[in-house]
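Have the sequence and the 3D view ready as you read.

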Amino acid sequence: MRELALHILDLVQNAIEAQASRVELCINEDCAKDVLTIRVLDNGRGMSEEMVRTVRDPFVTTRFTRRIGLGLALLDMSTARSGGSVEIESEPGRGTKITASYQYSHFDRPPLGNMAATIQTLITLNPQLDFSYHHIVMKRAFSVETRELAAAIGDIPFTHPEIIEWLKEYLAAGIANLYGGEQFEDC
Ligand SMILES: Nc1ncnc2c1ncn2[C@@H]1O[C@H](COP(=O)(O)OP(=O)(O)OP(=O)(O)O)[C@@H](O)[C@H]1O
Ligand SMILES: [Mg+2]
């Protein structure tokens with residue numbers, strides 16, 4: 001996939017399909033250590049040991065609509081091509097943690113893509129999901145908790161057009177702020 005945002009959408013979609021009620025997404029861009037990691041943690045149904053061992057195979061899926069599941073196979077290929085790897089930890093009945101790492105400066109590492117639009121889409125399309133987004137770029141961090149947003153907006157739903165617009169701007173400003181200033185001097 002051309003952008004990491006598409007892998008992120010797939011990972012969160014997998015968690016939702018596994019009946020997760022809470023999903024935590026953490027992105028850490030550490031250019032001093034030359035590593036970019038994406039971690040998605042969920043409290044869904046989890047996977048057996050056998051499933052964890054075989055799940056990167058494109059023919060392993062629990063989908064009913066088609067016999068191939070490409071998400072994790074593509075993520076595995078994309079990290080391997082960029083000097084990284086995918087680690088999968090899962091426990092049936094408890095949840096799953098998937099960590100994808102990339103060599104930050106690798107020529108083949110795809111760009112993150114539009115994270116503000118990606119996070120806004122995830123929140124708007126899954127208004128019931130307890131979703132947490134934590135994004136670190138060197139020494140700066142930006143976080144969003146849908147629980148806190150929901151408490152702040154009261155009865156107004158996440159799908160309200162004005163909330164969507166506000167969320168887009170809030171996310172775009174928060175994420176843009178991660179990349180400003182002199183913090184990239186070491187990179
Ligand atoms: N977070 C998760 N919790 C539980 N099971 C998961 C999780 N992520 C993946 N799986 C299992 O691994 C299978 C393969 O996932 P993968 O993303 O590779 O393909 P898919 O979601 O089935 O299809 P596609 O991604 O192409 O739409 C899923 O069908 C599901 O059974
Ligand atoms: Mg998938």
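A nonpolar core is a set of buried Ala, Val, Leu, Ile, Met, Phe, Trp, Tyr and Cys residues joined through C-beta atoms within 7 Å. A residue counts as buried here if 20 or more other C-beta atoms lie within 10 Å of its own. Keep in mind that the model you are looking at is predicted.

With that idea in hand, look for the largest nonpolar core, which has 30 residues. Its members Ile8, Val12, Val23, Leu25, Val40 and Ile119 touch the most other members. Which elements supply at least two residues each to this core? They are α1, β1 (22-30), β2 (35-42), α3, β4 (95-103), α4 (115-125), β5 (130-137) and α6 (161-178). The largest share, 6 residues, comes from α1. In soluble globular proteins, nonpolar side chains tend to be buried together. Now pick out Ile119: setting aside its neighbours within four places in sequence, Ile119 is in contact with Tyr133, Val144 and Leu171.

Let's step back to the whole chain. The protein chain contains 6 helices and 6 strands, and from the N terminus on they follow the order α-β-β-α-α-β-β-α-β-β-α-α. Its C-alpha trace spans about 45 × 40 × 25 Å along the principal axes. A compact globule with 187 residues would have a radius of gyration near 16 Å, so the 17 Å of the protein chain agrees with that. Of the 187 residues, 27% count as buried. Among contacts with a separation of 6 or more, 65% are between residues 24 or more positions apart.

Next, follow β5. In a regular strand the side chains alternate between the two faces of the sheet. In β5, Phe131, Tyr133, His135 and Val137 make up the covered face, while Asp130, Ser132, His134 and Ile136 make up the uncovered one. β5 runs parallel to β1, joined to it by 8 bridges, and Ser132 in β5 stands opposite Glu24. β5 also pairs with β6 (residues 140-145), this time in the antiparallel sense, over 6 bridges. There, Val137 stands opposite Arg140 in β6. The hairpin of β5 and β6 has 2 residues between the strands, and Met138 takes a positive phi near 55°.

Finally, turn to ligand 1. Of the 20 residues around ligand 1, Asn14, Ala18, Thr62, Gly69 and Gly71 come nearest. The helices α1 (4-17) and α3 (71-81) each supply at least two residues of this shell. By class, the shell has 8 nonpolar, 8 polar and 4 charged residues.

Conventions:
Residues are numbered from 1 along each chain as its sequence is written. Chains are lettered from A and ligands numbered from 1 in the order in which they are written. This is a predicted model: local features need pLDDT of at least 70, side-chain atom pairs count only at pLDDT 80 or more; totals for chains, interfaces and linings use all residues. Helices (H or I, at least four residues) and strands (E, at least two) are DSSP runs, numbered from the N terminus. The radius of gyration is taken over C-alpha atoms; the globule rule is 2.2 Å times the number of residues to the power 0.38. A residue is buried if 20 or more other C-beta atoms lie within 10 Å of its own, exposed if 12 or fewer, and partly exposed in between; C-beta atoms are placed from the backbone. Two residues are in contact if their C-beta atoms, placed from the backbone, lie within 7 Å. A residue is near a molecule or strand if its C-beta atom, placed from the backbone, lies within 6 Å of it. Ala, Val, Leu, Ile, Met, Phe, Trp, Tyr, Cys and Pro count as nonpolar, Asp, Glu, Lys and Arg as charged, and the others, Gly among them, as polar. Two strands pair if DSSP finds at least two bridges between them.
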